[in-house]
Amino acid sequence: MMWIRFIMMCMFLVTITACSSSPSPIDHDNKNAAQDETKKEEHEIHWSYSGDTGPEYWEALDSSFKACGRGMKQSPINLEDAKANKTSEADIRINYQPSSFTIKNNGHTVQADTNTDENSIVIDDKEYKLVQFHFHVPSEHQMEGKNLDMELHLVHKSEDDQLAVLGVLMKAGKENKTLAELWSKLPKEESEENILLEEEINLSSLLPQDKTAYHYNGSLTTPPCSEGVKWTVFAEPISVSQEQIDLFTSVFPDNHRPVQPWNDRDVYEVLTHEN
Ligand SMILES: [Zn+2]
């Protein structure tokens with residue numbers, strides 16, 4: 001058995017060495033390592049929803065987060081009927097069907113990643129495929145100056161990397177059965193682990209009956225707050241039980257960005273369609 005012990009010892013030493021490794025003596029490799037390190041740091045800039053890494057400080061946390069403080073078309077916003085009195089000519093079609101998802105806790109929300117490319121929305125003949133959906137508590141968009149209990153964001157991307165998000169406000173009421181399995185597996189801790197949902201989810205059943213929505217140009221609501229995001233937020237909320245809200249809140253007590261100035265943007269009322 002000595003040789004096994006010897007191999008284990010070698011592996012242990014290799015691990016130690018790898019963890020505290022000094023830069024490689026070859027310049028070329030050094031450069032790559034440095035680039036990798038920069039990429040890693042960019043990826044891991046810590047931001048949060050409170051304290052000195054909270055929304056009012058996002059802009060200062062990194063130069064790539066500038067839009068969070070200086071952007072003129074930021075999200076979320078307060079949606080007011082009186083202000084959104086223009087009717088949009090935009091043709092918004094939603095194509096959802098039962099599909100498989102994997103969920104994870106990314107430290108900012110619980111996100112469900114799609115395992116197919118069969119869910120999409122089409123805005124004025126341009127197709128955006130569903131990438132993921134996730135949740136905020138309380139809601140990010142306000143309705144007539146008030147936050148609702150939660151908000152669902154369905155994030156879609158076009159072939160040329162443009163983003164279009166459907167926002168669904170959620171209000172305490174009946175249990176949301178479509179979310180039952182996801183909620184039963186809600187990962188409590190941040191993790192790289194992807195948890196496969198056994199049952200397919202039909203996202204259509206997460207949309208309100210009334211398909212009237214507010215349509216406007218905004219941004220990501222998380223750093224780097226990039227603009228050019230097409231938002232469509234349904235006016236009617238869907239139901240989620242108080243127990244479901246409480247369970248999500250026990251993992252994320254508050255993961256919403258406060259509302260941002262309209263800055264004379266147009267917000268349109270639009271009737272979306274399901275195919
Ligand atoms: Zn979101």
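1. A residue is called buried when its relative accessible area is under 20%. In this predicted model, that cut-off describes strand β13, which spans residues 212-219. Seven of its eight residues are buried, so β13 is largely enclosed by the rest of the structure.

2. The pairing partners of β13 deserve attention next. Strand β14, residues 227-234, runs antiparallel to β13 and is joined to it by seven bridges. Within this pairing, N217 stands opposite K230 of β14. Strand β16, residues 268-271, is also antiparallel to β13, and four bridges connect the two. Here H215 has Y268 of β16 as its bridge partner.

3. Strand β16 has a further pairing, with strand β2 (residues 86-87). These two strands pair in the parallel sense, over two bridges. T87 is the residue that stands opposite E269 in β16.

4. Which residues coordinate the zinc ion, and through which atoms? The ion is held by H134 through NE2, H136 through NE2 and H153 through ND1, at 2.0 to 2.1 Å. Along the chain, the donors follow the spacing H-x1-H-x16-H.

5. Are H134 and H136 buried or exposed? H134 has a relative accessible area of 10%, and H136 has a relative accessibility of 1%. Because the cut-off for buried is under 20%, H134 counts as buried, and so does H136.

6. The nonpolar interior should be read alongside these points. In soluble globular proteins, nonpolar side chains tend to be buried together. The largest nonpolar core of this model has 41 residues. Y96, F133, F135, L154, L182, L203 and F248 touch the most other members of that core. For L203, the residues touched are Y96, F101, L130, F133 and L154, leaving aside residues up to four places away in sequence. Apart from this core lies another, of 16 residues, whose members include I77, L163, Y216 and W231.

7. In summary, the points to check against the displayed structure are the zinc ion with its donors H134, H136 and H153, the antiparallel pairings of β13 with β14 and with β16, and the 41-residue core to which L203 belongs.

Technical notes: Residues numbered from 1 in each chain as written. Predicted model: local features only at pLDDT ≥ 70, side-chain atom pairs only at ≥ 80, totals over all residues. Heavy atoms only, no water. Core = buried A, V, L, I, M, F, W, Y, C linked by side-chain atoms within 4.5 Å. Buried < 20%, exposed > 50% of the residue type's maximum accessible area, 1.4 Å probe, protein only. Contact = heavy atoms within 4.5 Å. Donors = N, O, S within 2.8 Å, 3.2 Å for Na, K, Ca; no water. Pairing = 2+ DSSP bridges.
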